[in-house]
Amino acid sequence: MKPLAGLRIADFTVHAAGPFCTHMLSQLGAEVIKVETALRPDIFRKSHAVYGRQGPATFDQVSSNKLSVRLNLKHPDGVALAKQLVAVSDVAAESFRAGVMDRLGLGYDVLKAVKEDIVMVSVSSSGQTGPESHFAGYAPLFGAWGGIGHLSGHADGPPVEMRHVMDHSVGMNAALATLAALHRRRRTGAGCHVDVAAREVASALVGDALTAASAGIRVDRMGNADLRRAPHGLYPSRDSDRWIAIAVSSDAEFRSLAAVIGHPELATDPRYATAASRHGNAAGLDGQISAWTSARTAEAATDLLQSAGIAAHVSWAASDIVSDPHMRARGSILDVAETGGAIRAAVGRVARFSSDDSPGITRGTPDLGGDEDYVYGELLGLSRARIDDLVADRAIY
C-alpha cells in the first residue's frame, strides 16, 4: 500500500494550483476522481505547443494518475451525482472563485450534510472571506499581491511576476493543509473546511522581506545577487545561453575558488579577502570569474568547481532534466504511457519511503470521462440504463 492508499478525493479543481494539490496527493496513493464537463473543459486541456510538443502538457503535469468523470453541475441531476460522489469520498477539493460552490448548491454546509466528516479544501486567489474574497486571480497576480514580483528581477528592471512556480507552491501548501485536516479528523472524527488563499501563500514566501519591512528596512530587487554572499550569481560558459550558477558561502570556499580559476592571490587581496569586502566589490570579482567560466563548457567548469567543494552547477533546461541519469535512477523522471499508446516523460516521485510502497505516477492523463464505468457503475452503483439516461439528459456531459 502507498501512504495514502484508501483515501478518495472528489476533485472539482481547475487550472493549476488546485489540481497540483490533488496531483501531489494522488502520487502518495490517494484515488483522485476529477470532475469535468464537456460544456466547459478545463482550459489546460486544450492542445497547444508547450515544451516542444503538441498536446495539453500543462494539463498532463497536474492530472496524471487521476480518474476522470463528466458532470454537468448546472443540471440538478449532475449536482445530485456530485453529492453521491462526495458521500463516498474523504475529501472534496475545489478551486473556483469564492462563492461559486455555494451557488452550485455544493457549498461546505451542503456537503457536510451529505457527509458529516468531509474535509473540503478550497483554493482561491484571496480566500473565502474578507473584502477582496471575490477577486479573480491567476499566478502572475498571486506573485504581485504577495510581494514576490517586487523582489524578482534585476534592480534596473520591472518586477518579474511568478507564474507556474506560484501555482505549484499554492498547490503544495494546499496538499499539506489537506493532510493536516485529515490527521485532525482521525483524532477527533470531525471534518472541516480548509481555506487556502494563493496571495497569502505568496506572502509567506517573502517572510524575510516582511520582517525587514516591519523594521523600516526596504528590500528591493537584486537580480541574482545575495544580501551577504559573493560571488553569487550566474556566469557565462563557452556555449551560447549555457550558464553556471555559483554560490560561495565562506572564506574557505573562496580560497578554493580562487585556486581553481588560477588566481590564488585573490584570496589575500584586501578587496576580496572577507565576505564583506567581496560583497562590496562583487562587480569586479564577477568579471574575473566570468573570464574563467566563459573559456570552458558549463559542464567542465561545474566539475572543476564541485571537485573543489564549491556549490556550482549548470543552469539546466528541461531537456537536461528529462535525460538526467541521476533523476532517472531515482524515479524522479519516468516514462508514462498515455491511453493512446504515446510515451511521455513525467515528473514522478516527490518522496521516498523505506518500504516498497514508494509513491509515484502509475498511469497517464485520463481521457475526458474515461473512468465513468468504474465511478458511476462500480462505485456509485448506477445501472447501465440509468447512466445512459443521465448522459442522454446531459447531466453527465
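User: How many salt bridges does a search of the whole structure find?

Analyst: The model is a predicted one. A salt bridge pairs a side-chain nitrogen of Lys or Arg with a carboxyl oxygen of Asp or Glu within 4 Å. Searching the whole structure for such pairs gives a total of 18.

User: Is glutamate 36, which meets arginine 45 in a salt bridge, buried or exposed?

Analyst: The N to O distance between the side chains of glutamate 36 and arginine 45 is 2.7 Å. Buried means under 20% relative accessible area. Arginine 45 has 19%, so arginine 45 is buried. Glutamate 36 has 5%, so the answer for glutamate 36 is buried.

User: How many residues apart are aspartate 320 and arginine 242?

Analyst: These two residues form a salt bridge, with their closest N and O atoms 2.8 Å apart. The pair links distant parts of the chain: aspartate 320 lies in helix H15, and arginine 242 lies in the loop between strand E9 and strand E10. In the chain they are apart by 78 residues.

User: Which arginine is linked with Asp90 and Asp117 in a network of salt bridges?

Analyst: A salt bridge needs a nitrogen from Lys or Arg and an oxygen from Asp or Glu. In this network Asp90 and Asp117 are aspartates, and the arginine linked with them is Arg185.

Definitions and conventions. Residues are numbered from 1 along each chain as its sequence is written. This is a predicted model: local features need pLDDT of at least 70, side-chain atom pairs count only at pLDDT 80 or more; totals for chains, interfaces and linings use all residues. Side-chain values use heavy atoms; hydrogens and water are left out. Buried means under 20% relative accessible area, exposed over 50%, partly exposed in between (1.4 Å probe, protein chains only). Helices (H or I, at least four residues) and strands (E, at least two) are DSSP runs, numbered from the N terminus.
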